[in-house]
Amino acid sequence: SLIKRTEQVTLCFFGDGTVNIGAFHEAVNLAAVWRLPVIFICENNQYMEYTPISTMIPVARPAADRASAYGLRRILIDGNDVATVRSTIAEAVDRARKGEGPSLIEADTYRLKGHSALDPAAYRPADEVASWKAKDPLLRQYAALCELGCSPAELDDIATDADARIEAMTDSAFAAEPPDPG
């Protein structure tokens with residue numbers, strides 16, 4: 001961070017609906033003016049809660065098309081491609097650490113479930129959902145790793161191990177004492 005004189009970079013993840021909120025514009029503007037080491041990552045899942053984004057925003061790309069207003073590069077990526085997301089964020093972090101300021105990345109993706117647990121997502125066309133399911137980032141990465149020589153059994157073992165670790169961390173968090181507010 002600039003204040004601490006470290007190489008720390010802040011990553012802010014948000015959905016496409018956030019780009020219509022004043023605080024978003026204020027934050028990006030201030031980060032650009034002060035050349036802060038911040039990476040803003042818009043997960044454009046095509047819907048602002050229950051409404052298609054195209055009915056709420058006059059530009060095709062809610063974050064990328066607005067980047068130039070803050071003097072930032074237009075960065076639009078396939079948010080369902082794990083390697084692309086990783087490399088794009090790594091480049092943005094590198095630029096931020098060099099003092100080149102913030103980045104605003106728009107990652108095109110899709111929410112396969114409704115906006116909340118109570119949302120059946122009946123407003124989305126079935127063919128649209130099916131099309132995006134075929135682009136699922138976990139399935140794509142699984143296939144890419146198999147192409148690189150990983151066996152399905154090896155990947156299944158990794159997934160099982162990851163699930164067990166997550167479960168153990170969750171149990172530990174719930175069993176922990178509340179933090180001291182003082």
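**View 1. Asp81 is partly exposed, with a relative accessible area of 23%.** Here, buried means under 20% relative accessible area, exposed means over 50%, and partly exposed is in between (1.4 Å probe, protein chains only). Keep in mind that this is a predicted model, where local features need pLDDT of at least 70, side-chain atom pairs count only at pLDDT 80 or more, and totals for chains, interfaces and linings use all residues. Residues are numbered from 1 along each chain as its sequence is written, and side-chain values use heavy atoms, with hydrogens and water left out.

**View 2. Arg140 pairs up with Asp81 in a salt bridge, with the closest N and O atoms 3.8 Å apart.** This bridge links distant parts of the chain: Arg140 sits in helix H4, while Asp81 is in the loop between E5 and helix H2 (82–97), 59 residues apart. A salt bridge means a side-chain nitrogen of Lys or Arg within 4 Å of a carboxyl oxygen of Asp or Glu. Helices (H or I, at least four residues) and strands (E, at least two) are DSSP runs, numbered from the N terminus.

**View 3. Arg140 also forms a salt bridge with Asp78, and here the closest N and O atoms are 3.0 Å apart.**

**View 4. Arg61 and Asp108 meet through their side chains in a salt bridge (3.0 Å, N to O).** Arg61 is in the loop between strands E4 (51–52) and E5 (75–78) and Asp108 is in strand E6 (residues 103–108), so the pair ties together parts 47 residues apart in sequence. Both Arg61 and Asp108 are buried.
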